[in-house]
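Biologist: I have not looked at this one before. Can you walk me through it?

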Amino acid sequence: MASPQKRRRSSSLFFVLLIILLFCLFSVLVQNQIMVHVIISKGLNSNSWANYNNNGALQKSSDDENNSLLSAKTKIAYVVSLIHCHKTSMTTGFIDAAAVLRHSVHKQSVHYKHTNTNKADSPRYGPPGRYSYDMIAIVHSQCAQHGPALERLGYIVELKDNPLPLDQIKGEWYRTHVEGEMCCGYDEFIKLHAYTLTNYPVFVHLDMDVILLQPLDDLFDAIILPATSKRGKRARAHIQANELEYKTDELPSGPIDAFLTRDITSTRPGETKSPFQGGFLVARPDLQVYQQYVDIIREGNYTKGRGEDKGWGNLGYAGWQGALAIQGLVAYFYDIFRPNTFVELNVCRWNQVVADVIWRGPDLIEYNGMCRRFPREGPTQIEIGGLDCEDCRIVPPHLVKTMHYTACHKPWECSVPHPRVPGDQRQVYRLSHLTNITTCMLMHKEWFQLRQELEDSIVEIIRGDNNNAKEMANSKLMPERVGTFEKEFFLGYCRNSYDYIPMVLPENFTIERIYA
């Protein structure tokens, strides 16, 4: 039988071991809490790349819910570029566009709280977004005077020059013609600076005349998370089944570096190449990719004309609007230099412009009624008159992920997109089918509803500031909705065609108060 002294010694040893064990457990918990806090507070920026594998995807954790925790605070860089600013009359439109775009991004982020009121306004509300965001404006140095206005809207402004001085381009014909390219010439290449935002796992570059209508989380999951993780696998499966432009395409087996759409309306039947649509790009930031773009521009290996042996690298990337600039370069880059790393999304749902993708002449009459895009199966399908593409003009708005106001005109133009009357009467048939007025007006209403909700949020905050705020808010914001032109769709913001009532931000009001 053990003596009392031995029993006391054993008990003391037991308590010492227990204390050591508890201390070790506490240390591990504290260390893990610090690690999670660092990851969350930094939004998975350049200080936390240890969480990524060599392919740039998050390392799979033992519990897939950890990825949900991380994505809730992972910041996506939403980027716009202010390229030209010569017309003072355009300032109002671009400020309102930037404000509405930012509000649409916020509504699809982890920070937006749905209410019974705004749920009833639209049938599209599903699961909320899971990612945080920053708004970044790449502003050409020649437009520096507009930087403060964007900063007031919550944008992080980065002043940039073109990636390469024009006189360093080797190809003489390209060097002497690129500045005249539509829409924005050589200066449009400042968009490429988005690839240098390596503090973020993903950037989304959008034109300012774009709004988000649904979360982009599946795209983010597919880029950030391993294909073998639960959410990464689920995202890829959903994209494969529902979001591809060509249903027969297969997602890359390796990492996905980019999602893009093509400007099908710029192509002709039989052309095997089609341009990138410059208003929408979701991609992984990468300094090597940026430098590769710069090297391609520096060579200026571009042959004038339109055809399979023209354009970038003499490979057919030519002849469209923007071919010398971003729309031609990005298509050429991913097709030739980074194949099997990008995904082409359904253009009727992603970056929807509500434009006709069917060929309607006036030349190449034998192709009338056929899809403009080149079929994956080859020219036989075109020759027999196959129609394998969706009519973007009649896609219901609640199916659209992002809307791009081009064919439908800009909302702040207060313009109904009636067909133009061309000088060449052969173009009448084509232009009369260019877009769908009903769909366009419904999409205009989506933009104005976002503006209305943003303004209502400002009014609510001002009213809460002091007792006289209600009268001040009503005098500055509410009476502005007095326009009667197409009020069902423009919601009182248009007095007449091209007579827009601009947004009014109260003096000294910081828009971040809405999004805090």
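Modeller: A definition comes before the strands: two strands count as paired if DSSP finds at least two bridges between them. Keep in mind that this is a predicted model.

Biologist: OK. Which residue in β4 does Tyr78 stand opposite?

Modeller: Tyr78 faces Val204 in β4. Strand β4 covers residues 203–206, and three bridges join it to β1, with the two strands running parallel.

Biologist: How many bridges join β1 to β2?

Modeller: Eight bridges do that, and β1 and β2 (residues 132–140) also run parallel. Leu82 has Val139 of β2 opposite it.

Biologist: Is β1 itself buried or exposed?

Modeller: Strand β1 is residues 75–82, and seven of those eight residues are buried, so the rest of the structure largely encloses the strand. For "buried", read under 20% relative accessible area.

Biologist: Now the whole sheet. In what order do the strands come?

Modeller: The order is β3-β2-β1-β4-β7-β6-β10, which makes seven strands in an open sheet with mixed pairing. At the edges are β3 (155–160) and β10 (342–344), each of which pairs on one side only. From one strand to the next, the twist averages 25°.

Biologist: How does β6 pair with β10?

Modeller: Strand β6, residues 258–262, pairs with β10 in the parallel sense, over three bridges. Phe259 has Val343 in β10 as its bridge partner.

Biologist: Which strands does helix α7 lie across?

Modeller: Helix α7 (residues 217–224) lies across β1, β4, β6 and β7, and runs at about 60° to β7, which is residues 276–283.

Biologist: Let's do another helix. What should α10 span, and what does the model give?

Modeller: Helix α10 has twelve residues, 326–337, which should span 16 Å at 1.5 Å a residue. Its end C-alpha atoms are 15 Å apart, which agrees.

Biologist: Changing topic. How many disulfides does a search of the whole structure find?

Modeller: The search finds four disulfides. I can describe some of them, including the one between Cys348 and Cys392, whose sulfur atoms are 2.0 Å apart. That pair links distant parts of the chain: Cys348 is in the loop between β10 and α11, and Cys392 is in the loop between α11 and β11, 44 residues apart.

Biologist: Left-handed or right-handed, and why?

Modeller: The torsion about the S-S bond of Cys348 and Cys392 is about -75°, so this disulfide is left-handed. Cys348 is buried with a relative accessible area of 2%, and Cys392 is buried with 3%.

Biologist: What about Cys408 and Cys440?

Modeller: They form a disulfide with sulfur atoms 2.0 Å apart. It is left-handed, with -75° about the S-S bond. Cys408 lies in the loop between β11 and α12, and Cys440 lies in helix α13 (residues 437–465), so the pair ties together parts that are 32 residues apart in sequence. Both Cys408 and Cys440 are buried.

Biologist: Which cysteine is joined to Cys414?

Modeller: Cys414 is joined to Cys494, S to S 2.1 Å. This link is left-handed, with -80° about the S-S bond. Cys414 sits in the loop between β11 and α12, while Cys494 sits in strand β12 (residues 494–496), so parts that are 80 residues apart in sequence are tied together.

Biologist: What is the phi of Cys414?

Modeller: Its phi is positive, about 50°, although Cys414 is not a glycine. Most residues other than glycine have a negative phi. The loop that holds Cys414 runs between β11 (402–404) and α12 (428–432). Cys414 counts as buried, at 0% relative accessibility.

Biologist: And Asn351, where is that found?

Modeller: Asn351 is found in the loop between β10 and α11 (379–383). Asn351 is not a glycine, yet has a positive phi of about 65°.

Biologist: Buried or exposed?

Modeller: Asn351 is at 0% relative accessibility, so it counts as buried.

Note on methods
Residues numbered from 1 in each chain as written. Predicted model: local features only at pLDDT ≥ 70, side-chain atom pairs only at ≥ 80, totals over all residues. Heavy atoms only, no water. Buried < 20%, exposed > 50% of the residue type's maximum accessible area, 1.4 Å probe, protein only. Helix = DSSP H or I, 4+ residues; strand = E, 2+ residues; numbered from the N terminus. Axes fitted to C-alpha atoms, helices over the stretch in contact; angles between N-to-C directions. Contact = heavy atoms within 4.5 Å. Disulfide = S-S within 2.5 Å. Expected span 1.5 Å × (residues − 1).
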